[in-house]
Amino acid sequence: MNPANLAAEKMVREQLIPLGRGIDDPQVIQAMRHIPRELFVPEHMRASAYEDRPLPIGNDQTISQPFVVAYMTQALLPLPGGRVLEIGTGSGYQTAVLAEIFPEIYSVELTAELSSKAQDALGKLNYRNIRYLVNDGRLGWPEHAPYSAVIVTCAAPTIPQALLDQLADQGRMILPVGTTHQQLVRVVRDGNRFEEESLLPVRFVPLR
Ligand SMILES: C[S@@+](CC[C@H](N)C(=O)[O-])C[C@H]1O[C@@H](n2cnc3c(N)ncnc32)[C@H](O)[C@@H]1O
């Protein structure tokens with residue numbers, strides 16, 4: 001095993017699988033083992049790429065803590081279909097985890113420079129199932145709706161209506177909601193009803 005694989009294996013064993021953290025979905029674990037996280041952090045942060053915390057990626061933004069990436073991905077399962085909308089491409093690491101598991105990923109990022117760096121990193125890994133958009137994610141990406149899952153990786157004070165509208169029936173959305181105090185919320189759509197469940201206190205950068 002090369003050193004990056006060893007670091008990813010250690011991350012999975014120490015940060016994801018232990019009881020209390022509760023990551024047990026085989027597809028999520030396999031994706032987190034497999035993806036070279038160091039490709040998604042700035043060069044001077046590479047030695048810290050697998051640490052149990054978020055890291056700065058430039059433009060005042062962060063790559064999320066590995067556990068939070070795994071937790072949010074697992075919270076989307078099982079899905080009624082394969083089309084996923086991600087708001088906040090950021091480094092592209094969460095996008096890679098989604099692309100390992102789901103057939104079609106649509107990823108929206110507000111900052112063109114971050115989207116471009118993420119596309120470079122994801123291009124090196126040869127993903128063919130991701131489409132990118134630079135835009136305000138609060139609008140979603142209506143052209144490709146409905147989505148079986150929506151994942152938002154920045155915190156909104158309330159759930160954007162356009163994202164609820166673009167969720168498929170029986171689809172799942174996961175997002176941090178709040179300002180200073182945030183909760184990770186899962187929404188499941190049942191016809192015109194949206195069932196909300198608070199899962200975990202979290203701290204994300206704000207949706208701008
Ligand atoms: C915590 S970071 C993303 C982390 C990412 N999941 C990762 O693993 O690298 C949040 C991202 O949301 C983006 N963002 C903030 N407001 C946005 C908006 N209105 N529309 C789209 N993206 C937005 C930020 O630029 C930032 O890249």
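Of the 25 residues around the ligand, the nearest are Gly 88, Gly 90, Ser 91, Gln 94 and Gly 137. Keep in mind as you look around that this is a predicted model.

**Around the ligand**
- Three elements, β2 (61-63), α4 (93-101) and β4 (104-109), each give at least two residues to the shell around the ligand.
- β2 makes the largest contribution to that shell, with 3 residues.

**Helix α3**
- Helix α3 spans residues 66-75 and is mostly covered, with 7 of its 10 residues buried.
- Those buried residues are Pro 66, Val 69, Ala 70, Tyr 71, Met 72, Thr 73 and Ala 75.
- As a reminder for reading such a list, an α-helix has 3.6 residues a turn, so residues three or four places apart point the same way.

**Strands β6, β7 and β8**
- Strand β6 (residues 147-152) runs parallel to strand β7 (residues 167-178), and 4 bridges join the two.
- If you want a landmark in this pairing, Val 150 stands opposite Met 173 in β7.
- β7 also pairs with strand β8 (residues 182-190), here in the antiparallel sense and over 7 bridges.
- β7 and β8 form a hairpin, with 3 residues between them.
- Gly 178 stands opposite Gln 182 in β8.
- When you follow side chains here, recall that in a regular strand they alternate between the two faces of the sheet.

Definitions and conventions
Residues are numbered from 1 along each chain as its sequence is written. This is a predicted model: local features need pLDDT of at least 70, side-chain atom pairs count only at pLDDT 80 or more; totals for chains, interfaces and linings use all residues. A residue is near a molecule or strand if its C-beta atom, placed from the backbone, lies within 6 Å of it. A residue is buried if 20 or more other C-beta atoms lie within 10 Å of its own, exposed if 12 or fewer, and partly exposed in between; C-beta atoms are placed from the backbone. Two strands pair if DSSP finds at least two bridges between them.
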